[in-house]
Every structure is written in structure tokens, then in C-alpha cells.
Amino acid sequence: MTKSTFKPGDVVVTPRSRGKIIDVRATPSGQFIFGIEDETGEVTYFTPNALQHA
């Protein structure tokens, strides 16, 4: 399995819905989380393992 890279502006599919990456943050443990804005404007944060390119 190859590791996918994500960047702001990418459209992705999450376990909840489809949305656009608007924010990338590092956690204290050094892992990155991505802020995804869905069609209703709600922003939810996910790890890269929960995302797929749309």
C-alpha cells in the first residue's frame, strides 16, 4: 500500500461525507490532522488514514 499525500484544497472523501481540506495541523505527538469542510460548512478533523482522494 502506498502512502497518499494530502494538501489544502484537495477534495477528499471521509467516513462522514465528502469535503475540501482547508487546514492542516500537527498534534503534540507529531501526527498531522486535516480540517475538512463539508458542503454544510462544518469543519471536522481527521487523520490521513481516514481520508481518500475523491
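Biologist: Which residues line the largest cavity?

Modeller: Thr 14, Arg 16, Ser 17, Ile 36, Asp 38, Glu 42, Thr 44 and Phe 46 line the largest cavity. This is a predicted model, in which local features need pLDDT of at least 70 and side-chain atom pairs count only at pLDDT 80 or more, while totals for chains, interfaces and linings use all residues. Residues are numbered from 1 along each chain as its sequence is written, and side-chain values use heavy atoms, with hydrogens and water left out.

Biologist: What makes a residue part of the lining of a cavity?

Modeller: A cavity is a set of points on a 1 Å grid, over the protein atoms alone, where a 1.4 Å probe fits but cannot get out, and a lining residue has an atom within 4 Å of a point. The structure holds 1 cavity of 30 Å³ or more.

Biologist: How much space lies in the largest cavity?

Modeller: About 50 Å³. That volume is the space filled by probe spheres set on the grid points, which are joined across faces, edges and corners.

Biologist: Which strands each supply at least two residues of the lining?

Modeller: β3 (32-38) and β4 (43-46) do. Strands here are DSSP runs of E, at least two residues long, numbered from the N terminus. By class, the lining has 2 nonpolar, 3 polar and 3 charged residues. Ala, Val, Leu, Ile, Met, Phe, Trp, Tyr, Cys and Pro count as nonpolar, Asp, Glu, Lys and Arg as charged, and the others, Gly among them, as polar.

Biologist: Why is Thr 14 called buried?

Modeller: Buried means under 20% relative accessible area, exposed over 50%, and partly exposed in between, with a 1.4 Å probe and protein chains only. Thr 14 has 8% relative accessibility, so Thr 14 counts as buried. Thr 14 is found in the loop between β1 and β2. Not counting residues up to four places away in sequence, Thr 14 touches Ile 36, Phe 46, Ala 50 and Leu 51, where contact means heavy atoms within 4.5 Å.

Biologist: Is Thr 5 buried or exposed?

Modeller: Thr 5 has a relative accessible area of 66%, so Thr 5 is exposed. Thr 5 lies in the segment before β1. Leaving aside neighbours within four places in sequence, Thr 5 is in contact with Asp 10 and His 53.

Biologist: In what order do the strands form the sheet?

Modeller: 5 strands form an open sheet in the order β4-β3-β2-β1-β5, and the pairing is antiparallel. β4 and β5 (52-53) stand at the edges, because each has a single partner strand and one side of each is left without a neighbour in the sheet.

Biologist: How do you know that β2 and β3 pair?

Modeller: Two strands pair if DSSP finds at least two bridges between them. Strand β2 (residues 18-26) is joined to β3 by 7 bridges, and the two run antiparallel. Lys 20 stands opposite Glu 37 in β3. In the hairpin of β2 and β3, with 5 residues between the strands, Gly 30 takes a positive phi near 95 degrees.

Biologist: How many bridges join β3 and β4, and how many join β1 and β5?

Modeller: β3 and β4 pair in the antiparallel sense over 4 bridges. Gly 35 stands opposite Tyr 45 in β4, and Thr 44 is the bridge partner of Ile 36. Strand β1 (residues 11-13) is joined to β5 by 2 bridges, also running antiparallel. There, Val 12 has His 53 as its bridge partner.

Biologist: Which residues make up the largest nonpolar core?

Modeller: The largest nonpolar core has 7 residues: Phe 6, Val 12, Ile 21, Phe 34, Ile 36, Phe 46 and Leu 51. The term covers a set of buried Ala, Val, Leu, Ile, Met, Phe, Trp, Tyr and Cys residues joined through side-chain atoms within 4.5 Å. Among the residues that Ile 21 touches, not counting those up to four places away in sequence, are Phe 6, Val 12, Phe 34 and Ile 36.

Definitions and conventions:
1 Å grid on protein atoms, 1.4 Å probe; cavity = no way out; pocket = protein on both sides within 12 Å on 5 of 7 lines; lining within 4 Å.
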